[in-house]
Every structure is written in structure tokens, then in C-alpha cells.
Amino acid sequence: MGEKVMVKGTEAIGEAAIRAGCRVYFGYPITPQSELTEYMSRRMEEVGGVFLQAESEVATVNMMYGASSVGARVMTSTSSPGFSLMQEGISYMANAQLPAVFVDVVRGGPGLGDIQPSQGDYFQIVKGGGHGDYRLPVYSPSSLQEAVELTIHAFDVADKYRTPVVIFADGMMGQMMEPVEFPEPIDPGTIPEKDWALTGAKGREARYVTSFDIDPYKLEKMNLELQEKYKKIIEEEQKWEEFMTEDIEVLFVAHGTVGRIVKSAVKIAREKGIKAGLFRPISLFPFPYKRLSELSEKVDVVMTVEMSSGQMLEDVKLAVLGKARTPFYGRLAGVIPTPNEIFEALMKELRR
Amino acid sequence: MEKLQQDAIVLAKMPKSLNKKEFTYCPGCHHGIVHRLVAELIDEFNLRERTVLVAPVGCSVFAYEFFNVDGTVAAHGRALAVATGMKRARPDLFIITYQGDGDLAAIGTAETIHAANRGERVTTVFINNAVYGMTGGQMAPTTLLGMKTTTSPYGRRPEKEGYPIHIMEIMRELPGVAYAERVKVSKPQDVPKAKIAIKKAFYAQLLDLGFGIVEVLSTCPTNWGMDPVEAGKWLDENMVKEFPLGVYVDKVTEVMKEKGVK
């Protein structure tokens with residue numbers, strides 16, 4: 001690790017990708033993440049990489065498909081409407097087993113919505129916005145340091161499991177400035193060669209990378225392979241943070257930047273003598289059901305807080321399975337909840 | 001026997017770049033002829049070991065299986081975006097997209113125009129048979145006026161269904177294009193001409209000049225409701241009128257001469 005530097009969120013994620021050995025970036029401008037696209041246009045040139053501004057998000061994801069299929073570490077960044085446009089291509093990449101990293105800086109929706117921070121795309125990102133039976137590993141950072149580490153981790157997970165991976169960020173994450181310590185860059189030459197990539201049939205049989213088989217029995221086999229992979233991801237790739245959960249009476253669940261705000265709400269509650277804690281899922285797929293289930297046995301109330309109408313709430317309920325009450329507090333459309341209003345929402349619930 | 005083999009003159013053989021797999025195309029369809037031309041050229045240029053083929057969605061969705069080169073099949077219309085990603089990431093590879101009219105000129109129009117305009121160093125073989133073949137003969141962007149299809153049962157009318165789109169004429173306006181030619185393969189004498197056109201589109205990529213595209217007017221006897229001979233005749237009499245054959249962009253021939261390549 002080097003020294004700490006002050007950076008903006010979008011740039012922190014971009015620089016992390018470069019340090020992870022990513023040398024190919026395709027993207028299309030969209031607020032609130034255009035600075036990341038701009039950063040990559042400068043930086044890729046400096047490191048001898050590839051930057052190309054595509055004609056659309058639809059083209060972007062298919063360029064990623066192409067670059068990934070010839071073995072490159074490839075990335076894009078976008079925001080909600082742009083991510084919607086990429087869904088078809090992501091579904092193709094999932095079944096063709098093509099690694100790639102997508103950064104979705106989520107903004108208020110639906111439709112054109114606004115350009116303020118939101119978590120309203122949880123269903124789309126975590127449950128799969130495209131067609132077919134696929135899942136994507138999803139990481140939700142709550143600080144820029146964590147965003148850097150998760151971005152680098154995302155490239156390794158993508159390659160290890162041959163899958164697209166998503167960094168679930170929001171406008172707050174994209175625009176904030178924080179000191180960050182970057183790790184030493186990886187030499188792209190040291191990334192192991194991909195023995196499935198389309199590199200020309202030299203000294204070997206020709207090979208194919210597709211998401212396609214017209215024979216349902218063969219396609220089912222491809223599907224079962226995917227499911228086997230997802231099972232392994234569920235077993236091995238869960239990440240979460242626990243904050244002041246040793247002696248909890250009530251538990252908050254929140255991810256990403258909301259997780260960070262809830263930490264302040266936890267402190268307010270503790271000052272008032274309420275033993276609150278926070279469970280912050282970092283991997284949203286795989287969702288850390290088991291650990292949350294264990295924690296929920298210690299409390300009567302598991303309160304989910306999101307910048308959405310309650311999407312992660314469904315996963316929380318699946319973890320809690322009725323062992324505790326599962327109230328919800330959320331703000332929509334780009335409105336950021338404050339620690340005080342979260343604390344007030346908790347008090348209202350406890351008074352019930 | 002050995003002596004016989006030594007003395008034998010090979011009159012016809014399978015190109016190395018084609019698989020032995022049987023084509024799934026209908027009798028009288030031109031895909032087979034064009035596949036062979038592309039495969040022969042990959043062999044002649046000795047490109048087999050660095051070629052990646054991007055197949056489309058449409059009748060030639062299996063093209064990647066018929067060619068004995070690395071390959072993939074892109075989402076419908078996105079072959080040129082996929083090809084762009086490949087070539088940008090690995091400029092040493094030789095990238096071919098093989099696309100039909102629905103794929104290239106309807107759903108993929110944006111990808112086609114922008115890849116061409118950027119001068120992507122890739123080669124596109126564009127099969128125009130004026131219908132959606134795979135889905136059962138629906139109206140294509142290149143369907144002729146008056147032509148009946150399963151979704152233009154009254155014949156294509158300009159006031160309702162609009163006009164056939166002319167891709168080569170559009171290519172002429174894009175500075176990134178190094179070679180664009182429209183050919184046909186309906187008569188034996190057309191075939192060598194088509195091969196030379198595809199060869200020049202290969203050179204557009206190999207000599208780093210820009211985007212290369214060849215449109216091949218093709219038959220679809222099954223969906224046109226004709227036998228193969230009739231279909232060939234219909235193409236010569238009708239399609240050529242709407243889609244004039246010829247070279248639309250050529251920044252290649254001169255450089256070939258300069259470099260002394262044939």
C-alpha cells in the first residue's frame with residue numbers, strides 16, 4: 001500500500017481498475033458517473049490501454065463481450081438508465097461465461113428519474129435485470145477505500161468464476177472526496193492466460209465462446225454448469241460488516257452509503273441507551289443470509305434502511321424468516337436519509 | 001496408389017477454414033457459396049490461426065460452427081460492437097463479422113454505422129436477401145417495394161412500410177470506410193468477382209486502412225416461395241435494379257498496387 005491521497009469516488013474506482021490490470025474500458029457518458037469515463041479516457045492512454053467511447057450503452061456492453069472473449073480484463077461504468085440498456089448483453093455474457101466488471105452508479109428512477117443518489121436498482125442489479133437463469137456477484141461499498149478494494153477484488157472474482165461482476169455504487173459514492181490508499185498496481189502481463197479465450201486457433205482446435213445451444217438438453221447442461229458455479233459463489237464469496245453487534249437489542253440492516261449513514265444512527269441510539277447495531281451486507285449476491293439469520297435471533301426488531309421502497313428488504317426477510325419484526329425505512333428518488341430521521345423511525349417502531 | 005496421388009491434380013477441395021460439418025442452409029441459398037469464399041480467402045491469406053469470426057442472429061447464426069476458426073455469436077445486431085471490442089483489445093487478431101440484412105441494417109444500424117465511421121479495422125460480409133430468413137420470411141429493412149412477406153402481406157408500400165435501405169450508399173458517406181462493394185453470386189461468373197471484393201475488404205483490415213464491407217445480394221428460395229433457379233433469376237431481374245452492383249468505396253486498390261500485393 002502506498003500513501004493516502006485525496007480523490008473523488010469516480011476517480012478512485014477508475015484508478016483501482018487500472019491497478020487491477022484492467023487495460024480496456026468502454027463507456028457512454030451519463031450523469032452522475034461521467035467523470036469516471038473521463039478519467040479512463042486520460043488514464044488508459046497513459047498506461048497503454050484501450051479507451052473507447054461507444055455510441056450507446058447497448059454497443060458498450062457488446063464491445064465488452066468482444067474484448068472479454070479475446071481474453072482482456074474489461075470494464076465499464078454507467079448509471080441506472082444506462083445499466084438498463086446493458087441487460088441483454090449482460091445476460092449473453094453470463095451464459096457465455098465472460099468475465100467483466102460493471103460499475104453502476106445508481107441514480108433516482110424510474111424512467112429518466114433524476115441524477116441524485118439512489119439504491120432503487122437493487123432488484124435489477126442483484127436479482128438479474130436480463131433474461132434467463134443467471135446471477136451476478138454484486139458488491140456494495142460504503143467508503144472510497146472499500147470501493148477501491150472491492151473494484152480490484154471484482155476483477156479477480158470475475159476471472160476466477162468467469163462471470164460479469166457489478167459494483168453497486170450510488171451518486172454519493174461517485175461524487176464524494178475521501179483519502180484513499182491505493183495498493184501497488186498489478187502488471188497486466190502477470191494475469192494468468194485464459195485457456196478458453198478466442199485467440200486464434202494456433203496449434204489447437206478452433207474454439208467457440210457463445211451463450212447459445214439450439215439443443216435443449218445441451219443448453220440445460222450449460223445452465224446447470226452456471227448454477228453449480230453460483231452455488232460455489234454462494235459458499236465462498238459472502239462479505240459483510242458488523243458494527244456494534246456484540247450486545248444488540250435492535251439491529252439495522254443497510255448497504256452501501258446508507259450503511260455508512262446508519263452507523264451514525266446507531267451511535268445516536270447508543271447515546272440514548274438503546275443497544276443498536278448494524279449489519280451491512282457487502283456482497284449483495286451472494287447475500288449473507290446465514291450470518292444475518294444468526295444475528296436476528298438475538299433481537300426483536302431488524303430494521304432495514306434503504307434509498308429505495310424496500311428492495312433489499314425482501315432478502316432481509318428471507319434471512320430473518322419471521323424470527324424478528326422487520327420494519328423498513330426508506331427515502332426515494334434521490335433523497336438521502338439523515339441519521340436523525342433513521343433514529344426517529346427506529347424510535348417510532350420501538351414505541352409500537 | 002502413392003504414385004497416383006503424387007500425379008493427381010487437385011481440382012477441388014475443402015478449404016481448411018471450413019469445418020466438415022454439413023451446412024444447415026436451404027437448397028439454393030447463397031450462404032454456402034459465400035461461406036466458401038470467405039474460408040478460401042482465410043486460407044489463402046494464411047489467417048486461420050489468428051481469425052475470430054463473429055456470427056450474427058439469423059440464418060447464419062451457426063456460421064461459427066461451419067468455419068474452422070475461433071468464433072462466437074453476437075446478440076442480434078451487435079456483431080460490429082463485439083468485433084470492435086475484439087479488435088481494440090487484440091489488434092493482432094483478424095476479425096470478420098458475417099451478418100444478414102435484419103441484423104446489420106435494422107436492429108444493428110447504429111452499431112454498423114458507428115463501427116464503419118470509426119474505421120474499425122474489421123471486415124464485414126453482409127448478406128442481403130431482402131427477408132428475415134430464420135424467423136420465417138418477415139419484412140426486412142431491404143425488402144423491395146411491392147414485395148410480399150409474412151409481415152407485409154399486401155406488398156411493401158412506401159407510405160406504410162417505408163423504403164428499402166441502401167447500406168452501400170450510406171457507407172459511401174462515412175470517411176472511416178476503406179472498402180465497400182455490392183456483389184452477387186447468382187451466376188457462376190459472379191463468384192470470382194465476389195471473391196475479389198471480399199479479398200479487398202480483407203485488405204482494408206490487413207493494410208490498416210479502415211473498415212471493409214461487402215454486401216452480397218442473395219436468394220432466399222424458401223421464404224421467397226421459389227425454386228432455386230427461379231430465385232436466382234428473380235434476384236438478377238429485381239434486386240439488382242434496387243441495389244446496383246459495384247464498388248462504392250475503394251481506398252484499397254491503390255495501396256495494394258503501391259505495396260505490390262495482389
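Two strands count as paired here when DSSP finds at least two bridges between them. One spot to look at is A:Val250, which sits opposite A:Val301 in E14(A). Keep in mind that this is a predicted model.

**The five-stranded sheet**

That pair belongs to an open sheet of five strands in chain A, ordered E10-E12-E11-E14-E15, with mixed pairing. At its edges are strand E10 (240–243) and strand E15 (328–330) of chain A, each pairing on one side only. Ignoring direction, neighbouring strands in this sheet are turned by 20 degrees against each other on average. Helix H12 (residues 312–320) of chain A lies across E11, strand E12 (276–281), E14 and E15 of chain A.

**The seven-stranded sheet**

Chain A also has an open sheet of seven strands, again with mixed pairing, in the order E3-E2-E4-E5-E7-E6-E13. Here strand E3 (50–53) and strand E13 (283–285) of chain A are the edge strands, each with pairing on one side only. Within the sheet, strand E5 (residues 100–106) and strand E7 (residues 164–170) of chain A pair in the parallel sense over seven bridges. Along that pairing, A:Phe102 stands opposite A:Val166 in E7(A). Helix H7 (residues 144–161) of chain A packs on this sheet, touching E4, E5, strand E6 (138–139) and E7 of chain A. Helix H3 (residues 57–69) of chain A lies across strand E2 (24–27), E3, strand E4 (74–78) and E5 of chain A.

Here are the helix directions set against a strand from each sheet:

| Helix of chain A | Strand | Angle |
|---|---|---|
| H3 (residues 57–69) | E4(A) | about 165 degrees |
| H7 (residues 144–161) | E7(A) | about 160 degrees |
| H12 (residues 312–320) | E14(A) | about 160 degrees |

**Where chain B meets chain A**

Now for the interface: 35 residues of chain B are in contact with 34 residues of chain A. Between them the two chains bury about 2,600 Å², 62% of it on carbon and sulfur atoms. B:Glu49, B:Asp70 and B:Arg88 supply 21% of the area that chain B buries against chain A, more than any other three residues.

On the polar side, twelve residue pairs are in polar contact between chain B and chain A, counting pairs with both residues at pLDDT 80 or more. Which elements of chain B supply at least two residues each to the side that touches chain A? They are strand E1 (51–55), helix H3 (63–66), strand E2 (70–73), helix H4 (79–89) and helix H6 (109–117) of chain B. H4(B) gives the most, with seven residues. By type, the residues on this side of chain B split into 15 nonpolar, nine polar and eleven charged.

There are two salt bridges between chain B and chain A. B:Arg118 forms one with A:Glu55, with the closest N and O atoms 2.8 Å apart. The chains also share some strand pairing: strand E9 (residues 208–209) of chain A and E2(B) pair in the parallel sense over two bridges. In that pairing, A:Tyr208 has B:Gly71 as its bridge partner.

**A salt bridge within chain A**

Over all chains, the count comes to 40 salt bridges. One inside chain A links A:Arg42 and A:Glu11, whose closest N and O atoms are 3.6 Å apart. A:Arg42 is in helix H2 (residues 34–46) of chain A and A:Glu11 in helix H1 (residues 9–19) of chain A, so this pair ties together parts that are 31 residues apart in sequence.

Terms used:
Residues are numbered from 1 along each chain as its sequence is written. Chains are lettered from A and ligands numbered from 1 in the order in which they are written. This is a predicted model: local features need pLDDT of at least 70, side-chain atom pairs count only at pLDDT 80 or more; totals for chains, interfaces and linings use all residues. Side-chain values use heavy atoms; hydrogens and water are left out. Helices (H or I, at least four residues) and strands (E, at least two) are DSSP runs, numbered from the N terminus. Contact means heavy atoms within 4.5 Å. Axes are lines fitted to C-alpha atoms, for helices over the stretch in contact, and angles run from 0 to 180 degrees between N-to-C directions. Buried area is the accessible area (1.4 Å probe) that two parts lose on being put together, summed over both. A salt bridge is a side-chain nitrogen of Lys or Arg within 4 Å of a carboxyl oxygen of Asp or Glu. A polar contact is a pair of N or O atoms within 3.5 Å; within protein, one must be able to donate a hydrogen and the other to accept it, and residues adjacent in sequence count only if both atoms are side-chain atoms. Ala, Val, Leu, Ile, Met, Phe, Trp, Tyr, Cys and Pro count as nonpolar, Asp, Glu, Lys and Arg as charged, and the others, Gly among them, as polar.
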